[in-house]
Amino acid sequence: MEIWNGHFECMDRLDLKKVQSERLMETVERSYFNVPYYRHKMQAAGLGPESIGSIDDLHRLPFTTKQDLRDNYPFGLFAVPMSEIVRIHASSGTTGKPTVVGYTRHDIATWSEVMARTLKCAGAGRNDFIQVAYGYGLFTGGLGLHYGGEKIGASVIPVSGGNTSRQIQLMCDFGSTVLACTPSYALYLAEALQENQVDPSDIKLRVGVFGAEPWTEKMRREIETKLRIKAIDIYGLSEVIGPGVASECMAQEGLHINEDHFYPEIIDPDTLQVLPEGSMGELVFTTLTKEGLPLIRYRTRDLTRLTSERCRCGRTMIRMEKCLGRSDDMLIVRGVNLFPSQVENVLLEMSEIKPHYLLVVDRVNNLDTLEVQVEVDEAFFLDKISQLEALRMKIQESLETSLALGVKVTLVEPKKLERSETKAKRVIDKRRF
Amino acid sequence: MVIPQLSVFIENRSGRLTEVLEVLGREDIKITALTVADTSEFGILRLIVSDSEKAKEVLKGQSFTVNITNVISVIAPNEAKHYARLLRILSDRDISIEYTYAFARGSKAVIILRCNNNEEAIKALKENEMELLNASELFKI
């Protein structure tokens, strides 16, 4: 199977370490001099650019969190003048303010490069038709896959997310060979094909590149059987670059991290100590080449483990296991990031209900569902069904607007939902990952 | 002329109605009328009881969401035409009914009504010589 950039992807690990060390020093220097936030944080820790002589010194640097991005909303952590920024993406955040990321022309080139590697990992090439059913827009999924697809010379079909009947039509008429979307949507499409009595042998799909949400091996087998394709797991987050941070190869034994661009560490989320290779812990990334938004020791909150054992495919890039858990309370529902506090903020603004709630996440017919249970305030409870229904709709609409996600609101009896000053149980996730 | 009616918010799940009635039963509360309005997820239990204030307190003590709403009670022969006449009187005055329920005892029927304007409704019904019941009369039925 072809490798897009053998020079880096199959580099001897000692040589790779030299590349990483040089790039880290450049990144630290640029961040220190161009981003006040990083300068102040390093100064407070008694560090300067000269403190970092190689990748082995990385552990001395302070961490960066999503909160830091939020505190510097929207462009505070950018390391170049806005005239150098050619693209802005954003993802939803806890306080209603999104997490904003900016790319220079060079960053877009890097992103296209790592996405080209990703697609080659999945066995795609210039003769493929790539149906990009990730959303296009502020979300990085659509455009990330798009640029990577063009880079490898494939024919890209930018259909974007949703509109299942059109997805099926294009899949049949254009003869799409590669499908890119969330794994839950892939399963949904598989079932829609069955319902529309489309014979899998009438479509030319060969492989799928699926990411943006956690999915199990069981789900993989189901997708592979139903669509008769190979399902490849890809990983990324917009803060780091978007999709393209890591990807499985055809061996499907872990995701190769493009570590010449994104350096991974695994830490203990409680003690914040770096853990030895092979330990399960929180994944932390330092970008090594990014110009627009360099990130130093960014805590992803995703839990996984790493192995640098040589892969059957020949790539030497370190591999991470499929991410199945997180070290914070963030949920990923239909590919959308969701913090319980977002729901709380919406509910607090409504006088008719008490700010007690429970989120119930489930997967029905392979699509995530989100139910929000809320308590009706007694002062508001009159005895009209229509009034309660109107209240339910009002809450539902406010939540949907704020979360950019379909929600089902259920009114429940008071004191049914747990009260606690410290850690109330706010989420029941019935999905099995 | 209005009658206090107890409204209880209950989730649509098995055993919940039992719990409400057991709580009231322990306090020797008597029930004259009862109806449930339901949606797929929740319902409103409406009750006319011997001591609505006491019933409200004991239910609140058990964490139920309870309220007291005023309704109107009319007694008439148990023939459809009487119910129809009553409704016509109200609709002719543009008074809308939020909900209504009824029960009969022998040839007499008691109709409970909740209108968007109870005072106007009472006035209209009296003018048309419909027989209204107050709370103590209702209990003697």
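**Exercise 1. Check the length of helix α5 of chain A in this predicted model: what span should its 17 residues have?**

Step 1. Helix α5(A) covers residues 105-121.
Step 2. Now look at its surroundings. Of the 17 residues in α5(A), 13 are buried, so the helix is mostly covered, with buried meaning 20 or more other C-beta atoms within 10 Å.
Step 3. Look past its end. G123(A) follows α5(A) and has a positive phi, near 85°.

**Exercise 2. Trace the open sheet of chain A. Which strands stand at the edges?**

Step 1. Write down the order: β4-β3-β5-β6-β7-β8-β9-β14-β13. These 9 strands of chain A have mixed pairing.
Step 2. Take the edges. β4 (155-157) and β13 (306-307) of chain A each have a single partner strand, so one side of each lacks a neighbour in the sheet.
Step 3. Take one pair from inside the order. β5(A), residues 178-181, runs parallel to β6(A), residues 207-210, over 4 bridges. Within this pair, V178(A) has V207(A) as its bridge partner.
Step 4. α6(A), residues 140-151, lies across β3, β4, β5 and β8 of chain A. Its direction is at about 65° to β8(A).
Step 5. α7(A), residues 164-175, also packs on the sheet, touching β3 and β4 of chain A. The angle between α7(A) and β3(A) is about 170°.

**Exercise 3. Describe the packing of α8 and α9 of chain A. At what angle do their axes cross?**

Step 1. Two packed helices are described by the angle and the distance between their axes.
Step 2. For α8(A), residues 183-195, and α9(A), residues 217-227, the axes come within 10 Å and cross at roughly 35°.
Step 3. The crossing of α8(A) and α9(A) is left-handed.
Step 4. List the contact. α8(A) gives P183(A), A186(A), L187(A) and A190(A). α9(A) gives M219(A), E222(A), I223(A), K226(A) and L227(A).
Step 5. Sort this contact by class: 7 nonpolar, no polar and 2 charged.

**Exercise 4. Characterise the side of chain B that touches chain A. Which element gives the largest share?**

Step 1. Count the residues in contact: 16 of chain B and 14 of chain A.
Step 2. On the chain B side, β1 (3-11), β3 (42-49) and β4 (65-77) give two or more residues each.
Step 3. β1(B) has the largest share, with 4 residues.
Step 4. By class, the chain B side holds 6 nonpolar, 6 polar and 4 charged residues.

Notes:
Residues are numbered from 1 along each chain as its sequence is written. Chains are lettered from A and ligands numbered from 1 in the order in which they are written. This is a predicted model: local features need pLDDT of at least 70, side-chain atom pairs count only at pLDDT 80 or more; totals for chains, interfaces and linings use all residues. Two strands pair if DSSP finds at least two bridges between them. Two residues are in contact if their C-beta atoms, placed from the backbone, lie within 7 Å. Axes are lines fitted to C-alpha atoms, for helices over the stretch in contact, and angles run from 0 to 180 degrees between N-to-C directions. The expected span of a helix is 1.5 Å times one less than its number of residues. A residue is buried if 20 or more other C-beta atoms lie within 10 Å of its own, exposed if 12 or fewer, and partly exposed in between; C-beta atoms are placed from the backbone. A crossing is left-handed if the near helix is turned anticlockwise from the far one by less than a right angle, and right-handed if clockwise. Ala, Val, Leu, Ile, Met, Phe, Trp, Tyr, Cys and Pro count as nonpolar, Asp, Glu, Lys and Arg as charged, and the others, Gly among them, as polar.
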